[in-house]
Amino acid sequence: MVDERDLFDVPEEVAYFNTASLSPVLRSVRAAGEAALRRRARPWEIGEADWFADAERLRDLAGRLVGGDAEGMALVPATSYGFAIAAANLPLRAGQQVLVLAEEYPSGVYTWRGAAERAGASIRTVTRAPGETWTEAVLAAIDERIGIVSVPNVHWTDGGLVDLERVAERARAAGARLVVDASQSLGVMPLDVAALRPDFVVAVGYKWLLGPFGRGYLWVAEEHREGRPLEENWILRAGAEDFAGLVDYRDEYLPGARRFDQGARTLFELTPMAIAALEQILEWGPPRIAATLAGVTAEIVRRLEGVTATEPRGPHLLGVRVPGGATDRVAAALKAANCFVARRGDAIRIAPHLHVTQADVDRLVTTVLANV
């Protein structure tokens with residue numbers, strides 16, 4: 001087991017397995033935030049170029065995580081914002097359907113419900129039969145009535161895997177658009193938008209991307225980059241770098257997906273933290289992170305005799321179901337042992353990162369087995 005505990009601000013007495021909810025803080029991210037606050041306290045030292053430089057650095061780093069396309073990357077505050085942009089820029093006709101997974105993350109479901117109601121469309125919720133994978137269920141549900149397929153790479157409740165390549169191929173064959181919620185996978189599982197060819201990919205920044213709350217990312221396919229943003233703000237327009245000329249209003253937007261950036265996207269206090277986080281992730285490399293966490297979750301599954309886990313699943317996210325109605329008892333015992341997991345649906349969700357040690361795994365396994 002690779003132990004990067006010293007890089008995280010996690011005390012020894014805490015066994016933290018809840019990255020899928022809110023990541024632990026890297027020491028480098030905390031230091032970047034503290035430096036950013038000191039800088040923000042002295043606004044006279046912030047120049048005009050500083051309104052742009054860090055945002056573009058962050059855009060480049062995020063673009064590398066999806067295969068190198070920084071021009072397609074917009075800086076957004078949340079998944080709901082990214083979904084709203086997708087809904088505003090994808091065609092959806094009366095009688096069509098938006099495909100979503102059962103018990104999927106609420107922000108996307110609520111967005112598509114609203115979009116479907118406005119268009120006279122409807123929602124098709126995919127469920128799994130016993131023994132069926134999410135990929136099989138989704139592929140079986142895509143037909144000519146589906147206008148938009150909105151799926152994650154892994155289900156947020158238990159890590160159940162969706163084969164995005166097969167889903168993308170089927171969606172294209174049916175004439176449907178593809179929106180990917182990568183909030184529970186980007187930064188761990190490699191993603192290449194050039195090969196996958198989705199329409200939009202949205203990811204929040206405070207989970208597996210180890211960044212601050214309030215910074216998310218939206219990748220936009222080239223065909224949609226001339227689309228309609230949710231808001232109009234000065235920094236997205238051509239010539240915005242010329243502060244003296246801001247009163248000379250311009251109709252043209254900056255190139256790429258920048259028109260979809262949120263207002264106040266500079267975020268002097270948060271952007272340096274997000275940069276530090278993505279730099280560390282890229283230094284490790286998602287394949288290494290995935291391989292390491294696959295070893296951690298595999299060991300947990302192997303040692304938890306009598307406990308079931310979703311298969312196939314992502315390498316980093318594990319939903320276990322305990323027998324005999326013991327879920328509440330196990331969850332309470334883990335909390336009492338300073339071992340932090342999450343309850344999602346009927347699963348106890350286990351989400352480690354590289355801060356997890358062998359002692360943490362031992363505490364988790366021992367506590368679960370003592371209470372089932």
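**Close-up views of helix packing**

**View 1. Helix α9 and its surroundings in the predicted model.** Helix α9 covers residues 286-303, and its 18 residues reach 26 Å from the first C-alpha to the last, close to the 26 Å expected at 1.5 Å a residue. Its buried residues are P286, I289, A290, T292, L293, V296, T297, E299 and I300. An α-helix has 3.6 residues a turn, so residues three or four places apart point the same way. The helices against which the buried residues of α9 pack include α2 (50-65), α8 and α11 (358-369). Strands β10 (318-321) and β13 (347-350) are also packed against by these buried residues.

**View 2. Helix α1 against helix α8.** The axes of α1 (residues 27-40) and α8 (residues 271-284) come within 8 Å and cross at roughly 155 degrees. Angles over 145 degrees count as roughly antiparallel, so α1 is roughly antiparallel to α8. The crossing of α1 with α8 is right-handed. From α1, S28, V29, A32, G33 and A36 take part in the contact, meeting P272, M273, A276 and A277 of α8. By class, this contact has 7 nonpolar and 2 polar residues, and no charged ones.

**View 3. Helix α3 against helix α4.** Helix α3 (residues 79-89) packs on helix α4 (residues 106-119) at an angle of about 30 degrees, and their axes are 9 Å apart. That angle makes α3 roughly parallel to α4. Helix α3 passes α4 in a right-handed crossing. On the α3 side, the contact is made by T79, S80, F83, A84, A86 and A87; on the α4 side, by S107, G108, T111, W112 and A115. The residues of this contact divide into 6 nonpolar and 5 polar, with no charged residues.

Key. Residues are numbered from 1 along each chain as its sequence is written. This is a predicted model: local features need pLDDT of at least 70, side-chain atom pairs count only at pLDDT 80 or more; totals for chains, interfaces and linings use all residues. Side-chain values use heavy atoms; hydrogens and water are left out. Axes are lines fitted to C-alpha atoms, for helices over the stretch in contact, and angles run from 0 to 180 degrees between N-to-C directions. Helices (H or I, at least four residues) and strands (E, at least two) are DSSP runs, numbered from the N terminus. Angles under 35 degrees count as roughly parallel, over 145 as roughly antiparallel, 65 to 115 as roughly perpendicular and the rest as oblique. A crossing is left-handed if the near helix is turned anticlockwise from the far one by less than a right angle, and right-handed if clockwise. Contact means heavy atoms within 4.5 Å. Ala, Val, Leu, Ile, Met, Phe, Trp, Tyr, Cys and Pro count as nonpolar, Asp, Glu, Lys and Arg as charged, and the others, Gly among them, as polar. The expected span of a helix is 1.5 Å times one less than its number of residues. Buried means under 20% relative accessible area, exposed over 50%, partly exposed in between (1.4 Å probe, protein chains only).
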